[in-house]
Amino acid sequence: MFAIMTAVDLKPGAGPEVAALFDATNPDLVRDQPDWLGAELLLDEEADRVVVIARWRDPGAYRTMAETPAFKDTMQGFAAPFAGPRRVRVLKSAVTMTPESLRD
């Protein structure tokens, strides 16, 4: 499993707007992606920064999706609240721990 971590600096106070945009647009981008496992948007309101952690079986599937016109068009809708470029990192999952995994 891989995590695609995207961090973006935001214009002051834009966190709720970005969260609402993500909530409204991300489902249509990933719904039919067989390698997509889930995502979480995290807001650092003190630093006006957003971090998205998306989990994928295969990072190539994310890269392919990120090159689609739908993804690129969606990202244009985020341009106004962004204060800087997206910084994307692909991270390989080394250890996953959940309450369920601790019960074994």
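This is a predicted model: local features need pLDDT of at least 70, side-chain atom pairs count only at pLDDT 80 or more; totals for chains, interfaces and linings use all residues.
Leu 102 belongs to helix α4, which covers residues 99-102. The relative accessibility of Leu 102 is 60%, so this residue counts as exposed, the cut-off being over 50%.

## Nonpolar core

The largest nonpolar core has 20 residues. The members that touch the most others are Leu 10, Trp 56, Tyr 62, Phe 71 and Phe 82. Two or more residues of this core come from each of strands β1 (2-9) and β3 (49-56) and helices α1 (15-30), α2 (59-66) and α3 (69-76). In soluble globular proteins, nonpolar side chains tend to be buried together.

Trp 56 can be followed through its contacts beyond four places in sequence. Among them are Met 1, Phe 2 and Ile 4, then Val 30 and Gln 33. Asp 35, Trp 36 and Leu 37 also touch Trp 56, as do Ala 61, Tyr 62 and Met 65.

## Val 90 in strand β4

Strand β4 spans residues 87-92 and includes Val 90. Val 90 has a relative accessible area of 33%; because this value lies between the 20% and 50% limits, the residue is classed as partly exposed.

With residues up to four places away in sequence left out, Val 90 is in contact with Phe 2, Ala 3, Ile 4, Pro 59 and Arg 63. Phe 78 is 12 residues from Val 90 in sequence, and their C-alpha atoms are 21 Å apart.

Key. Residues are numbered from 1 along each chain as its sequence is written. Side-chain values use heavy atoms; hydrogens and water are left out. A nonpolar core is a set of buried Ala, Val, Leu, Ile, Met, Phe, Trp, Tyr and Cys residues joined through side-chain atoms within 4.5 Å. Buried means under 20% relative accessible area, exposed over 50%, partly exposed in between (1.4 Å probe, protein chains only). Helices (H or I, at least four residues) and strands (E, at least two) are DSSP runs, numbered from the N terminus. Contact means heavy atoms within 4.5 Å.
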